[in-house]
Amino acid sequence: MHPIFKLIAQRVALGIMLLFAASVLIFGGTMMLPGDVAQQILGQSATPENLANLRESMGLNDPPVARYFQWLGGFLQGDLGTALTNGRDIAESLGSRLGNTLFLAFWAAVISVPLAIFLGLLAVRYKDRWPDKLISAVTLTTISIPEFMIGYVLIYWISIKAGWFSSVAIINDSMSLGAKLNAIAIPVMVLTLVVLAHMMRMTRAAILNVMQSAYIETAELKGMGMLKIIAKHAFPNAIAPIVNVVMLNLAYLVVGVVVVEVVFAYPGMGQYLVDHVAKRDVPVVQACGLIFAAVYIGLNLIADIVAILANPRLRHPK
Amino acid sequence: MAVEPLLKVRDLKIGATIYPPGERPRDIEIVHGVSFDLEGGKVLGLIGESGAGKSTIGLAAMAYGRGGVEITGGEVHVSGRDILKSGLRDVRKLRGGEVTYVSQSAAASFNPAKKIMEQVTEAAIFQGKFSKQDAEARAVALFAKLGLPDPENIGDRYPHQVSGGQLQRCMTALALCPEPDLVVFDEPTTALDVTTQIEVLAAIKDAIRDTGVAALYITHDLAVVAQVSDHIMVLQQGSMVEYGTTDQIINNPQEEYTQALVSVRSIKHEEKKPGDTPLLKVDHITARYRGTNFDVLKDVNVELHPGQTLAIVGESGSGKSTLARVITGLLPPSDGQITFDGRVLSPDLPTRSLEDLRELQMIYQMADTAMNPRQTVGTIIGRPLEFYFGLKGKDKQTRIQELLDQIELGDGFQDRYPAELSGGQKQRVCIARALAAKPKLIICDEVTSALDPLVADGILKLLLKLQKDEDVSFLFITHDLATVRAIADSIAVMFQGQVVRYGPKSQVLAPPFDDYTDLLLSSVPEMKLGWLEDVLANRKMESAGN
């Protein structure tokens, strides 16, 4: 068998182990919170007797390890439990929320990733000249401003003054794709501006690093033009670090968009999580936490695998 | 009207911006008005030490300045056109088409992410000289001419899948593929082992002859350039010292500097007889690196007597540096033991006594990376004085100055930083640091390999003088047989982890030889016209005789 499969299998196994470790942390962390689910449900009306009854019926008196495996087992079968606050099935309400979050993240990624890489290449081509400085200045400015601030500024100028897109990003299943895109246009812009700088700077640094190599000089001495050298000789050797930072930012787009969702009242995972943290709805928080962890680990796993595949020494051993 | 030469360089001036530490950047001139002609189909050797400007001049033939280097004046005509006055578009047409380049390190000059064939044919196709099909056929023919194994398929491999010597030949194929008028060879064999160098050199020479291409052959090794060039130009610090036919430069050099280059290795060293008790005894050492399944050293036995020099000779990968790691305790052996000054050394560095550490010092190939760039020379040499002898204050200062005098650096060096020193001076500071510990044995790992011949000569003389004064022993690791001849008392020849020949210098370097030592010795270039042909003819005869 090709040795590269072994490497990839190792990575995947490591990812799964990491996910288990994360689930233990999440479960353990929420266990340490004062009070328990029974107390939350009963609230003011808790008497020692009905507390004990409820604990018995919910299985809260079982040892924590058993409860952990019960929770995890349910999770693996798609049973995320029921929310305490409204008694609804978590999997059901989470499903559509997750879909919305991924929808927003997807469109933000579709715009920001190619744009960031293109700007990075451009910055390398015009290194230390005005286009490079302009790109760096603009992207560093947008990453430095808090995202809610950018959100409000864009709402003011684009939505209210120019009247182009909606300022509220509420979407539902009955809307057409066009209407949905219209609704999320401004949040997508905000997210793009937030993640652009990181990916652009990393692309620039990774390619500049490769541009120091002797084989770039070889290409120059073949009479090739700069853009062609960057695209043909430098970029393939800079893929691994670029993919790495792209994946980190994609993970951020899924996991870290809480603020943007709240600003635009977007019905995504982030807002769902914030709502239920406020209401101390522990099962929902646990479910969201584990899904976020899975997204993070999954995307980084992809980055690792791409880095392995991009390395010709691993792909074509001696 | 006389025929216009292929390459005509007139009063070429090249400048660079330097950034001295703590000062403002300033412009300096590194080539001061060099002129020469090169006719089509001829080979001109550019020779000089590092900093002579030979690579810079070679790249100027492609109107290229490496890093911050800029051509500031003069003319460079290729086939009658002044390429310094051409626009970027015309220069790009020239590069990779009419003039091509072979670099010192093919390993670094090939893109690791692309197949060899794609890179070899790229310029020929890109410049519109050949169709993809013709270029690939041409590449295969060149692979065959350059003696590469399996020429039909080697192009499908990636650079890391072939050896260094093979890759250097691929680089030559890359340069010849677009059918250029001129190839700039920039130290194409310097990074190779001698036994590989001779093969690549012969391949390059044949290829130049068969394709009728002109070449600028840049090297610091006069013996190598004597084998391939028609004319030689000697450069020193950006100026021409002497220009003449190869025969005249080698056999009848006019200038003092050229004479010094030709007669380098002036050291005569009388071999010392071994005493009764050895200082160092390497006893049945077998070693391997963790996580590997083969022995890098196989049953190595050598001895070194007090005040003498044992040279460990071998090519890269022969295990000579690993032997140094075992002796210093960096790599505990899997079998065997090291006896030093009558006591058995602990195999593992952390369990050795301070005294063991003090008596066994090391000097490295790259003096640059062996010193902390943020410490002054005084601090660097003072450190072992504090660490081993607890010297402080005035005593320490006096001792540092003594050591500096010993390495012939004199006053004013204590407060300088490594970056302000030349390559030879840096290596001297490293020697002083080793000497500061008053060691009985110094392991010298390729200490002169990164230095120019004249500078290396000075270092070797210094080491011999110190040996006489301090009665210190040297374990001298090198791939350079000329160095071995100059300083060794006994020699161990290593090949694939084994000592294949061992004894006093006079015995090891005298026939009858074993096969490997014979190959190694006969591969060292000699400063003699026609040496390459003689050696190859000899080898052919021998193999025919067998």
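Student: Hi! Which residues have the most contacts inside the largest nonpolar core?

Tutor: They are B:Met62, B:Ala173, B:Cys177, B:Ala215 and B:Leu216, in a core of 159 residues. A nonpolar core here is a set of buried Ala, Val, Leu, Ile, Met, Phe, Trp, Tyr and Cys residues joined through C-beta atoms within 7 Å. A residue is buried if 20 or more other C-beta atoms lie within 10 Å of its own, exposed if 12 or fewer, and partly exposed in between, with C-beta atoms placed from the backbone.

Student: And which helix gives the most to this core?

Tutor: That is helix H8 (residues 177-211) of chain A, with 17 residues. Helices (H or I, at least four residues) and strands (E, at least two) are DSSP runs, numbered from the N terminus.

Student: Before we go on, what kind of model is this?

Tutor: This is a predicted model, where local features need pLDDT of at least 70, side-chain atom pairs count only at pLDDT 80 or more, and totals for chains, interfaces and linings use all residues. Residues are numbered from 1 along each chain as its sequence is written, while chains are lettered from A and ligands numbered from 1 in the order in which they are written.

Student: Thanks. What does B:Met62 touch?

Tutor: Leaving out residues up to four places away in sequence, B:Met62 touches A:Leu221, B:Leu94, B:Arg95, B:Val99, B:Tyr101 and B:Val184. Two residues are in contact if their C-beta atoms, placed from the backbone, lie within 7 Å.

Student: What about another core, how many residues does that have?

Tutor: Another core lies apart from it and has 72 residues, among them B:Leu323, B:Leu345, B:Ile431 and B:Leu435.

Student: Switching to the two chains: how many residues does each give to their contact?

Tutor: Chain A gives 16 residues and chain B gives 24 residues. On the chain A side, the elements giving two or more residues are helix H9 (214-220), helix H10 (226-255) and helix H14 (312-315).

Student: How do the residues on that side of chain A divide into nonpolar, polar and charged?

Tutor: You'll find six nonpolar, seven polar and three charged. Ala, Val, Leu, Ile, Met, Phe, Trp, Tyr, Cys and Pro count as nonpolar, Asp, Glu, Lys and Arg as charged, and the others, Gly among them, as polar.

Student: How many helices and strands are in chain A?

Tutor: Chain A has 14 helices and zero strands. Its C-alpha trace spans about 85 × 60 × 35 Å along its principal axes, and 34% of its 318 residues are buried.

Student: And what about chain B?

Tutor: Chain B comes to 20 helices and 20 strands, and 44% of its 546 residues count as buried.

Student: In what order do the strands of the six-strand open sheet run?

Tutor: The order is S6-S7-S8-S3-S9-S10 in chain B, with mixed pairing. Strand S6 (99-102) and strand S10 (239-245) stand at the edges with a single partner strand each, so one side of each is left without a neighbour in the sheet. Two strands pair if DSSP finds at least two bridges between them.

Student: Is the pairing of S3 and S9 parallel or antiparallel?

Tutor: Strand S3 (residues 43-47) and strand S9 (residues 231-236) of chain B pair in the parallel sense over four bridges. In S9(B), B:Val234 is the bridge partner of B:Ile47, and B:Ile232 is that of B:Gly45.

Student: What about S9 and S10?

Tutor: S9(B) and S10(B) pair in the antiparallel sense over six bridges. Their hairpin has two residues between the strands, and B:Gln237 there takes a positive phi near 45 degrees.

Student: Why is S9(B) largely enclosed?

Tutor: S9(B) is largely enclosed by the rest of the structure because five of its six residues are buried.

Student: Last one: how many residues of helix H4 in chain B are buried?

Tutor: Nine of the 11 residues in helix H4 (residues 116-126) of chain B are buried. What covers them includes S6, helix H5 (132-145) and helix H6 (164-176) of chain B. After H4(B) comes B:Gly128, with a positive phi near 75 degrees.
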